Amino acid sequence: MISLISPSKAQQKLAENVRNRRLSMELTQEGLAERSGVPLATLRNFEQKGSISLESFLKLLMVVGGLEETINVLKPSKPNFTSIDEVLKGTNSTTRKRGRKK
């Protein structure tokens, strides 16, 4: 699936969403930095530019909420069967463990 949003726009949107959650919790940047263990300078940089490590981002989500949802949204989708024949056909085949595309 091709996305129409660029990675930099996605980073900015994630930063905006975390900032909005922080403000809805009435937390200052200093308060969120202290609660999450993310350095204040890192949090400020994230809110301004969207740049942050994955570990720090997950730490922020632990405080403002959304960590479980983020994990769940990345789970592989289950196949949608339209008939019993598709179900039976799928049980006999082995699942490929490697990607095909480069």
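A: K59 and E55 both belong to helix 4 (residues 54-64), where four residues, about one turn of the helix, separate them; helices here are DSSP runs of H or I with at least four residues, numbered from the N terminus. Their side chains form a salt bridge whose closest N and O atoms are 3.8 Å apart, the term meaning a side-chain nitrogen of Lys or Arg within 4 Å of a carboxyl oxygen of Asp or Glu. K59 is partly exposed at 28% relative accessible area, while E55 is exposed at 55%; buried means under 20%, exposed over 50%, and partly exposed in between, with a 1.4 Å probe and protein chains only.

This is a predicted model, in which local features need pLDDT of at least 70 and side-chain atom pairs count only at pLDDT 80 or more, whereas totals for chains, interfaces and linings use all residues. Residues are numbered from 1 along each chain as its sequence is written, and side-chain values use heavy atoms, with hydrogens and water left out.

By the salt-bridge rule the count is four, and among them is the pair E16 and K13, with an N to O distance of 3.4 Å. Both of these residues lie in helix 1 (residues 7-24), three residues apart, again about one turn of the helix. E16 is partly exposed at 39% relative accessibility, and K13 is likewise partly exposed at 42%.

Another of the salt bridges joins R22 to E47, the closest N and O atoms being 2.8 Å apart. Because R22 lies in helix 1 and E47 in helix 3 (residues 40-49), this pair ties together parts that are 25 residues apart in sequence. R22 counts as buried at 6% relative accessibility, and E47 counts as buried at 12%.

Key: Helices (H or I, at least four residues) and strands (E, at least two) are DSSP runs, numbered from the N terminus.
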